[in-house]
Amino acid sequence: MTDQQTATIDNTDNNLSQLTDQFTNGTQKDQLQLIPQLTSMGEGGWQVLMKFLQASDVDTVDLVRGKIYGTLYQLKKPITEEFIQTHFPDGIIPLKSQRNIDYQPLNQLLVEQKFQDADTLTRHLLCELAGEGAVQRKWVYFTEVEQFPVTDLQTINALWLLHSEGKFGFSVQRKLWLSVGKDFTKLWPKIGWKKDNNWTQYPNQFTWELSAPVGHLPLLNQLRGVRVTASLFSHPAWSQENS
């Protein structure tokens, strides 16, 4: 091995060591920004991320864990695939349901950043929670929303939060709604559902990626009025949120 090759290896090791320290001791914002850099370092960086993920609290909806899991999943390398299959075959949070609904397909779509498909599935899942009548008509009444199990709404919301770096989810939309005094006419433009008094046209005018406005997804059909959304935002599932 030449001196130049040795120096390159030493520099790589030093860089990885520095990045690891910064990542381990950084804020959540720092960690989110450092994940792509660690990923680009190759297997050494992947090992740092895998160790961090394995040592984290499984029951916590943590955005750093969500991004690490998604990044490792997207790499599709033998070492990362084996790690995920061994330690997190069902994802990184418990997919709890009071109605025995399988949320793994939604988890899978969101991990893969297939936000349009995940949005479609989310609406179907809300209909499932509402009952057979809602499944057949393909939309829900606001009175049905009131009966949604807290656990299931929290699971759906947690998956959206986790795999969007905190940008998407019902709780995100609700916070924005509260921030504008529960005024839906102010909320719609803020989350990109309306522009210049015109409704955003489904699906082509919506943004199906993380560059979308905060709270842009998941979608609800506002053409039927705001009662469903108001009922959803007033649900006991968010009682732990600041109101």
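Tutor: A contact means that heavy atoms lie within 4.5 Å. This is a predicted model, in which local features need pLDDT of at least 70 and side-chain atom pairs count only at pLDDT 80 or more, while totals for chains, interfaces and linings use all residues. Residues are numbered from 1 along each chain as its sequence is written, and side-chain values use heavy atoms, with hydrogens and water left out.

Student: Is Asn 107 buried or exposed?

Tutor: Asn 107 sits in helix α6, residues 104-111, where a helix is a DSSP run of H or I with at least four residues, numbered from the N terminus. Leaving out residues up to four places away in sequence, Asn 107 touches Tyr 69, Asp 90, Gly 91, Leu 95, Leu 159 and His 163. Buried means under 20% relative accessible area, exposed over 50% and partly exposed in between, with a 1.4 Å probe and protein chains only. Asn 107 has a relative accessible area of 3%, and is therefore buried.

Student: At which residue does the kink in α2 lie?

Tutor: Helix α2 covers residues 28-40, and its buried residues include Leu 34 and Ile 35. The bend at a residue is the angle between axes fitted to the seven residues ending there and the seven starting there. In α2 a kink of about 35 degrees comes shortly before the proline Pro 36, at Leu 34.

Student: What share of the residues in the protein chain is buried?

Tutor: The protein chain contains 13 helices and two strands, a strand being a DSSP run of E with at least two residues. Of its 243 residues, the buried ones make up 44%.

Methods: Expected span 1.5 Å × (residues − 1).
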